[in-house]
Amino acid sequence: MSTPYPFTAIVGMDDLRLGLLLNAVSPAVGGVLVRGEKGTAKSTAVRALSALLPELAVVAGCRFGCDPAAPDPHCPDGPHGSGPGVSRPPRMVELPVGASEDRLVGALDIERALSEGVKAFEPGLLADAHRGVLYVDEVNLLHDHLVDLLLDAAAMGASYVEREGVSVRHAARFLLVGTMNPEEGELRPQLLDRFGLTVEVAASREPEQRVEVVRRRLAYDDDPAAFAARWAGEESALRERIVAARALLPEVRLGDAALLQIAATCAAFEVDGMRADIVMARTATALAAWAGRTEVGAEDVRRAALLALPHRRRRNPFDAPGLDEDRLDDTLERFKGEDDNGGDGGNDGGDGGEDPDNDPDGGGSGGPDGPGGGGIPPQGGPEVSDTPRESGAGRDDTPAAPEPEPTTESGRAGAGAEADGGAGSGAGSGPGEQSAVRAAEPFRTKTLSVPGLGEGAAGRRSRARTEHGRTTGSRRPRGALTKLHLAATVQAAAPHQRARGRSGPGLVVRGDDLRQATREGREGNLVLFVVDASGSMAARARMSAVKGAVLSLLLDAYQRRDKVGLVTFRGRTAEVALPPTSSVDAAAARLESLPTGGRTPLAAGLLKAHDVLRVERMRDPARRPLLLVVTDGRATGGPDPVALAARAARLHASEGTASVVVDCESGPVRLGLAGSLASALAGTAITLDELRADSIAGLVRDVQQVSSSNNGRSRRAA
């Protein structure tokens with residue numbers, strides 16, 4: 001077994017270490033979600049924590065790790081007799097991103113259940129993690145139904161497995177830790193809320209601290225055992241402090257004054273529901289126990305708010321998590337009770353600055369690598385820094401003041417602006433480039449779906465064969481059986497009962513009788529935006545409306561669990577502004593800063609989109625694409641740009657790519673060029689007004705409609 005990196009050797013990361021330690025003291029806090037960029041020791045810290053947890057007494061031979069002092073009465077391996085049990089370290093169980101539902105919760109042997117009436121249960125990762133640590137790296141990439149199962153088990157302390165009327169329950173209490181890189185996509189707010197605490201981590205920008213990180217890591221890689229031995233004293237001291245804090249936790253008093261501050265803080269920040277109040281109360285109590293005190297003070301409440309509230313402040317998917325600390329301090333001061341000590345509670349007991357127990361790193365520069373180590377910056381215990389963090393101010397969606405749009409919409413209406421920008425070296429800044437405008441207010445869009453039946457990742461957009469959804473039929477299982485179709489299984493086994501010598505009431509079932517249920521649900525798609533940023537779109541009122549429409553479609557993609565990408569074209573070229581990603585936030589940020597100006601290389605934009613989709617088909621062939629072209633349909637620059645654009649569009653049509661053209665043309669005279677482009681793409685065209693869900697209530701538009709409606713619109717415009 002490899003030697004884990006010592007927890008006390010981690011440099012900096014105060015909030016991360018504190019969040020982990022508070023959950024080690026009180027698992028009822030509800031786990032911690034660690035958000036941060038790659039390479040910031042998120043996984044290292046979690047794995048290091050498991051080595052600090054005290055050993056457990058477990059029932060000998062129990063696969064579910066029951067406590068011999070209080071065994072689970074519903075344990076599938078029970079009932080357990082009395083006895084001292086055996087000791088073992090807590091397990092640190094990792095949940096892979098690609099795990100199946102059966103791997104997480106466990107699997108029932110349906111064949112034995114039907115033929116013998118035996119609940120043959122194979123435990124999953126939740127059983128392995130009982131009374132230990134369950135670590136989910138890249139939790140934002142897990143399928144939603146797995147995250148739901150995981151968080152339900154964490155909240156209830158038990159896991160339930162039910163298959164066709166056969167049910168198994170077992171205890172599943174664990175310290176839940178998830179890590180994620182926000183650049184790869186966000187968790188939905190309702191899932192974020194299920195994590196007790198959230199901490200943000202980032203690499204230090206101080207050269208001295210970065211030097212010490214590298215020095216310690218190199219020393220660990222050279223000889224992990226020797227490096228761990230140098231930190232053994234600090235590890236032992238921190239382990240003893242965790243045990244002491246756990247023992248003190250039941251004696252900590254949460255007074256009415258602290259409760260009032262907690263409730264007032266949650267109300268002031270308008271968090272939804274009551275979970276935030278409960279988590280804050282548990283966190284403040286754990287903080288007091290960690291400091292060696294038996295009374296929760298105002299500073300405990302403040303620190304609890306900084307850990308428990310930022311991720312619950314998001315009002316829409318594009319809001320950054322954060323907390324206004326000035327507002328927090330004002331609220332705490334306003335509701336400070338008479339029996340409160342004014343925040344001095346954080347300095348009582350064993351939490352003083354001179355107490356070596358307060359420093360998991362052995363006093364920072366005085367640790368094992370300190371002498372002659374190049375001067376590690378002072379590193380205190382895992383406490384919340386007093387330095388104000390960046391507050392997560394919401395995005396200002398107020399559109400810029402519109403400017404008059406040219407009234408002439410003929411093919412040469414924007415030629416002057418385009419010609420100016422076209423003199424530049426490409427899509428970069430040119431004489432005709434205009435600064436970015438803000439998006440108009442987003443709105444609820446109509447549902448755009450890919451036709452046919454897919455087999456992609458679970459989502460909420462297009463019809464697909466999935467593991468979850470309504471049952472549509474049955475088939476022989478390919479590999480392990482996951483969803484039994486009971487009626488089809490009985491129907492397959494019934495004709496053979498006499499030949500198999502059935503004599504009792506039980507059904508004689510063989511493996512080849514089993515039938516897998518086929519289900520139909522919804523999948524997520526790859527939504528690739530191709531946005532015209534040329535001079536013909538440069539009128540500020542129009543571009544603001546276009547950005548508002550794209551932002552609305554991005555919100556829709558977020559809710560439907562799609563991947564998104566962004567291609568823009570202007571000047572002489574097209575560029576991939578955002579490669580396909582699960583981070584809709586990143587797409588919204590790129591859209592917000594998008595400038596306009598120059599010619600309209602429509603063909604280049606379509607060809608660049610074709611290159612992106614070709615690569616993505618090789619990476620993820622099951623995820624079907626949806627191409628959204630946002631343009632007025634004009635094409636300029638180069639010889640015969642309209643024919644080139646039509647040829648590029650037919651390339652997409654020949655590969656069966658589902659396409660929608662969002663027609664941005666406006667004004668009294670319309671050429672209907674977007675409709676012609678949609679016909680070449682074998683897709684459909686929809687205007688900005690028609691994109692709104694409330695324009696015709698309840699209408700759901702499939703992306704491959706009969707093109708006659710588009711041709712009719714073009715003829716009417718002409």
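I count a contact when heavy atoms lie within 4.5 Å. On that basis, among contacts between residues at least 6 apart in sequence, 80% join residues at least 24 apart.

**Ground rules.** The model is predicted: local features need pLDDT of at least 70, side-chain atom pairs count only at pLDDT 80 or more, and totals for chains, interfaces and linings use all residues. Residues are numbered from 1 along each chain as its sequence is written, and side-chain values use heavy atoms, with hydrogens and water left out.

**Whole chain.** I took helices (H or I, at least four residues) and strands (E, at least two) as DSSP runs, numbered from the N terminus. The chain comes to 23 helices and 22 strands. I call a residue buried under 20% relative accessible area, exposed over 50% and partly exposed in between, with a 1.4 Å probe and protein chains only. Of the 718 residues in the chain, 52% are buried. For areas I used the Shrake-Rupley method with a 1.4 Å probe; for residues, only the protein chains shown count as cover. The chain exposes about 31,100 Å², and carbon and sulfur atoms supply 51% of that area.

**Strand β17.** All eight of the eight residues of β17 (residues 563-570) are buried, so the strand is largely enclosed by the rest of the structure. In a regular strand, side chains alternate between the two faces of the sheet. Here K563, G565, V567 and F569 point one way, while V564, L566, T568 and R570 point the other way. Two strands pair, as I use the word, if DSSP finds at least two bridges between them. β16 (residues 526-532) runs parallel to β17 and is joined to it by seven bridges; F529 has L566 as its bridge partner in β17. With β18 (residues 573-581), β17 pairs in the antiparallel sense over six bridges, and R570 has its bridge partner at T573. The hairpin of β17 and β18 has two residues between the strands, and G571 takes a positive phi near 65° there.

**Sheet β13-β15-β14.** Next I traced an open sheet of three strands in the order β13-β15-β14, with antiparallel pairing. β13 (458-466) and β14 (470-475) stand at the edges with a single partner strand each, so one side of each has no neighbour in the sheet. Five bridges link β14 and β15 (residues 516-523) in the antiparallel sense, and G473 has T518 as its bridge partner in β15.

**Second largest pocket.** I worked on a 1 Å grid over the protein atoms alone: a cavity is a set of points where a 1.4 Å probe fits but cannot get out, a pocket is an open set with protein on both sides within 12 Å along at least five of seven lines, and lining residues have an atom within 4 Å of a point. Grid points are joined across faces, edges and corners, and a volume is the space filled by probe spheres set on the points. The second largest pocket has a volume of about 1,300 Å³. Its lining has 49 residues, of which H143, H145, G456, A457 and A458 lie nearest the centre. At least two lining residues come from each of α3 (101-105), α6 (144-156), β13, β15 and α17. β15 gives the most, with six residues.

**S544.** S544 sits in helix α17 (residues 540-559). Its relative accessibility is 7%, so it counts as buried. From S544 to R438 the C-alpha distance is 5.8 Å, although they are 106 residues apart in sequence.

**H170.** Strand β9 (residues 166-171) holds H170. H170 has 0% relative accessibility and therefore counts as buried. Leaving aside neighbours within four places in sequence, H170 is in contact with F64, D72, P76, V105, F121, L126, A127, A158 and S159. The C-alpha atoms of H170 and V105 are separated by 9.9 Å, and the two residues are 65 apart along the chain.

**Strand β11.** Four of the five residues of β11 (residues 197-201) are buried, so β11 too is largely enclosed by the rest of the structure. It runs parallel to β1 (residues 32-36), joined by five bridges; L33 has T198 as its bridge partner in β11.
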